[in-house]
Amino acid sequence: PSAEAGGEAAAAAAVLVDPPRAGLDAETRSLVAGFDHVLYISCNPEALCRDLLAMEEHEVCSLAIFDMFPYTTHAECAVRLRRRGGPFR
């Protein structure tokens, strides 16, 4: 991860993010981009799409959709990302 992560986070290779409906802010997106592996949980597909497009240095490994609120239009998405050309553990 980038030096910006600092402290114990600097030794981590992965990060879990579960942002509010608005998605990640620019500063958090920049911090998350420093990790090799990202697990992104989202309740807003539009914000998720925007954030994934901004994280060009990562690629989607897998995606799952969870219907946690039956009979509504709401669903949770989980996306696993890894750095392009990075370690594939």
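Mentor: Buried means under 20% relative accessible area. Keep that cut-off in mind. This model is predicted.

Trainee: Is Cys77 buried or exposed, then?

Mentor: Cys77 has a relative accessible area of 10%, so Cys77 is buried. Cys43 has 23% and is partly exposed. Across the protein, 31% of the 89 residues count as buried.

Trainee: How many disulfides does a search of the whole structure find?

Mentor: A disulfide needs two cysteine sulfur atoms within 2.5 Å. Here the search finds zero. For Cys77, the closest cysteine sulfur is in Cys43, at 9.0 Å, too far for a bond.

Trainee: Which residues make up the largest nonpolar core?

Mentor: Look for buried nonpolar residues joined through side-chain atoms. The largest such core has 10 residues. Among them are Val17, Leu24, Tyr40, Leu48 and Cys77. Strand 2 (37–42) and strand 4 (76–83) each supply at least two residues of this core. Strand 4 gives the most, with three.

Trainee: Where is Leu24 found?

Mentor: In the loop between strand 1 (14–17) and helix 1 (26–32). Leu24 is at 7% relative accessibility, so Leu24 counts as buried. Among the residues that Leu24 touches are Val17, Tyr40, Arg29 and Asp51. Leu24 and Leu48 are 24 residues apart in sequence, yet their C-alpha atoms are 8.5 Å apart in space.

Trainee: And Val17: what does Val17 touch, not counting residues up to four places away in sequence?

Mentor: Leu24, Val32, Val38, Leu39, Tyr40 and Ile41.

Trainee: Now the charged side chains. How many salt bridges does the structure hold?

Mentor: The test is a side-chain nitrogen of Lys or Arg within 4 Å of a carboxyl oxygen of Asp or Glu. The structure holds five. Start with Asp51 and Arg29: their closest N and O atoms are 2.6 Å apart. Asp51 lies in helix 2 (residues 45–54) and Arg29 in helix 1, so the pair ties together parts that are 22 residues apart in sequence. Asp51 and Arg29 are both buried. Asp51 is at 0% relative accessibility.

Trainee: Which residues are linked with Asp51 in a network of salt bridges?

Mentor: Arg29 and Arg50. The bridge between Asp51 and Arg50 is 3.1 Å, N to O. Arg50 is partly exposed, with a relative accessible area of 39%.

Trainee: Which side chain meets Glu59 in a salt bridge?

Mentor: That of Arg82, at 3.1 Å, N to O. Glu59 lies in strand 3 and Arg82 in strand 4, so this bridge ties together parts that are 23 residues apart in sequence. Glu59 is partly exposed at 24%. Arg82 counts as partly exposed too, at 25%.

Trainee: Last, the surface. Which residues make the nonpolar patch?

Mentor: Such a patch takes residues with over 30% relative accessible area. Val60, Leu63 and Ile65 make one of about 300 Å². Val60 lies in strand 3 (residues 58–66). At 47%, Val60 is partly exposed. The protein exposes about 5600 Å², and carbon and sulfur atoms supply 59% of it.

Terms used
Residues numbered from 1 in each chain as written. Predicted model: local features only at pLDDT ≥ 70, side-chain atom pairs only at ≥ 80, totals over all residues. Heavy atoms only, no water. Patch = residues over 30% accessible without salt bridge, like charges linked within 9 Å, V, L, I, M, F, W, Y side chains within 5 Å. Areas by Shrake-Rupley, 256 points an atom, 1.4 Å probe, with all protein chains shown as cover. Helix = DSSP H or I, 4+ residues; strand = E, 2+ residues; numbered from the N terminus. Buried < 20%, exposed > 50% of the residue type's maximum accessible area, 1.4 Å probe, protein only. Core = buried A, V, L, I, M, F, W, Y, C linked by side-chain atoms within 4.5 Å. Contact = heavy atoms within 4.5 Å.
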